[in-house]
Amino acid sequence: AATADLEEALVTGLAVVGAADSELVTLYTGADLPRAAAARAEALIAARFPGLEVQVMAGGQPHYAYLAGVE
């Protein structure tokens with residue numbers, strides 16, 4: 001997804017891959033991502049996909065703010 005806002009792109013991408021019909025999203029945060037940004041992303045995902053379990057893990061990847069796994 002391409003948007004002006006990183007978290008909105010994340011949520012749009014999750015919608016495209018079927019997060020609404022899933023049980024769990026594991027969000028891996030990038031090496032330079034502030035904790036506050038990760039908390040905002042977690043709250044936004046939880047608000048957009050009620051009932052979806054959201055786990056946030058420090059991924060430490062150097063090039064991407066977020067990597068997400070959907071189960």
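This is a predicted model: local features need pLDDT of at least 70, side-chain atom pairs count only at pLDDT 80 or more; totals for chains, interfaces and linings use all residues.
Visitor: Arg35, buried or exposed?
Guide: Arg35 is exposed, with a relative accessible area of 78%. Exposed means over 50% relative accessible area, buried means under 20%, and partly exposed is in between, using a 1.4 Å probe and protein chains only.

Visitor: Which helix does Arg35 lie in?
Guide: Arg35 lies in helix α2. Helices (H or I, at least four residues) and strands (E, at least two) are DSSP runs, numbered from the N terminus.

Visitor: How many Å apart in space are Arg35 and Glu53?
Guide: They are 19 Å apart, C-alpha to C-alpha, and 18 residues apart in sequence.

Visitor: Now the sheet. In what order do the strands come?
Guide: The order is β2-β1-β3, in an open sheet of 3 strands with mixed pairing. Two strands count as paired if DSSP finds at least two bridges between them.

Visitor: Which are the edge strands?
Guide: β2 and β3, each of which pairs on one side only. From one strand to the next, the twist averages 20 degrees.

Visitor: How many bridges join β1 to β2?
Guide: There are 6, and β1 and β2 (residues 53–58) run parallel. Thr26 has Gln55 as its bridge partner in β2, and Tyr28 has Met57.

Visitor: How does the chain cross from β1 to β2?
Guide: The chain goes through helix α2 (residues 35–48), and this β-α-β crossover is right-handed. Right-handed means that, with the strands pointing away from the viewer, the path from the first strand over the helix to the second runs clockwise.

Visitor: And how many bridges join β1 to β3?
Guide: 5 bridges, with β1 and β3 (residues 66–70) running antiparallel. In β3, Val70 stands opposite Val25, and Tyr66 stands opposite Thr29.

Visitor: Why is β1 largely enclosed?
Guide: Of the 6 residues of β1 (residues 24–29), 5 are buried, so the strand is largely enclosed by the rest of the structure.

Visitor: Where does helix α1 lie?
Guide: Helix α1 (residues 6–16) lies across β1 and β3, and runs at about 20 degrees to β3. α2 packs on the sheet as well, touching β1, β2 and β3, and its direction makes about 165 degrees with that of β2. Such angles run from 0 to 180 degrees between N-to-C directions, with axes as lines fitted to C-alpha atoms, for helices over the stretch in contact.

Visitor: How many residues has the largest nonpolar core?
Guide: The largest nonpolar core has 15 residues, and those with the most contacts inside it are Leu10, Leu14, Ile45, Phe49 and Tyr66. A nonpolar core here is a set of buried Ala, Val, Leu, Ile, Met, Phe, Trp, Tyr and Cys residues joined through side-chain atoms within 4.5 Å.

Visitor: Which element gives the most to this core?
Guide: α2 does, with 4 residues. The elements giving two or more residues are α1, β1 and α2.

Visitor: What is Phe49 in contact with?
Guide: Leaving aside neighbours within four places in sequence, Phe49 is in contact with Val11, Leu14, Ala15, Ala19 and Ala20. Contact means heavy atoms within 4.5 Å.

Visitor: Salt bridges next: what does the count come to?
Guide: The count comes to 1 salt bridge, taking a side-chain nitrogen of Lys or Arg within 4 Å of a carboxyl oxygen of Asp or Glu. The side chains of Arg48 and Glu8 meet in it (3.0 Å, N to O).

Visitor: Which parts does the pair tie together?
Guide: Arg48 lies in helix α2 and Glu8 in helix α1, so the pair ties together parts that are 40 residues apart in sequence. Arg48 counts as partly exposed at 42% relative accessibility, and Glu8 counts as partly exposed at 24%.

Visitor: Last, the loops. Where does Gly51 lie?
Guide: Gly51 lies in the loop between α2 and β2. Gly51 is exposed, with a relative accessible area of 82%.

Visitor: And Ser22, what is its place?
Guide: Ser22 is in the loop between α1 and β1. Apart from neighbours within four places in sequence, Ser22 is in contact with Leu52, Val70 and Glu71.

Definitions and conventions. Residues are numbered from 1 along each chain as its sequence is written. Side-chain values use heavy atoms; hydrogens and water are left out.
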